[in-house]
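Please read the points below with the sequence and the model open beside them.

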Amino acid sequence: MDGGKVMQINQEIIQKKLQANGWTQNELARRMNISKGTLSNVLSGRRGAGRKVISGLLRVFPEERLENLILNENIKTKESR
């Protein structure tokens with residue numbers, strides 16, 4: 001039973017943010033309050049981003065919109081119905 005949508009992170013945006021801030025993935029994980037392994041798995045696409053990852057990204061990058069941080073290719077919109 002699928003209880004919700006799994007979101008994939010826009011890795012390109014995150015990598016640009018890391019470079020702009022001079023951070024490693026480990027530093028980003030620390031700031032997001034998630035494990036390094038979780039962040040690595042999400043960024044590589046091995047797992048989807050859950051609520052904790054999404055909220056961590058929005059907290060660390062408040063200037064970014066959710067729509068910019070995730071890949072929404074699997075989300076249905078009114079136009080695609």
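1. Gln25, Asn26, Leu28, Ala29 and Met32 in H2 touch Lys36, Leu39, Ser40 and Leu43 in H3, where contact means heavy atoms within 4.5 Å. Sorted by class, this contact of H2 with H3 comprises five nonpolar, three polar and one charged residues.

2. This is a predicted model, in which local features need pLDDT of at least 70 and side-chain atom pairs count only at pLDDT 80 or more, while totals for chains, interfaces and linings use all residues. Residues are numbered from 1 along each chain as its sequence is written, and side-chain values use heavy atoms, with hydrogens and water left out.

3. The axes of H2 (residues 25-32) and H3 (residues 36-44) come within 9 Å and cross at roughly 115°; the helices are DSSP runs (H or I, at least four residues) numbered from the N terminus. H2 is therefore roughly perpendicular to H3, a term covering angles of 65 to 115 degrees.

4. The structure holds six salt bridges, each defined as a side-chain nitrogen of Lys or Arg within 4 Å of a carboxyl oxygen of Asp or Glu. Within helix H2, glutamate 27 and arginine 30 lie three residues apart, about one turn of the helix, and they form a salt bridge whose closest N and O atoms are 2.7 Å apart. Glutamate 27 also meets arginine 31 in a salt bridge (2.7 Å, N to O).

5. Arginine 30 is exposed, at 55% relative accessible area, whereas arginine 31 is partly exposed, at 39%; exposed means over 50%, buried under 20%, and partly exposed in between (1.4 Å probe, protein chains only).

Note on methods: Axes fitted to C-alpha atoms, helices over the stretch in contact; angles between N-to-C directions. Helix = DSSP H or I, 4+ residues; strand = E, 2+ residues; numbered from the N terminus. Parallel < 35°, antiparallel > 145°, perpendicular 65-115°, else oblique. Nonpolar A, V, L, I, M, F, W, Y, C, P; charged D, E, K, R; others polar.
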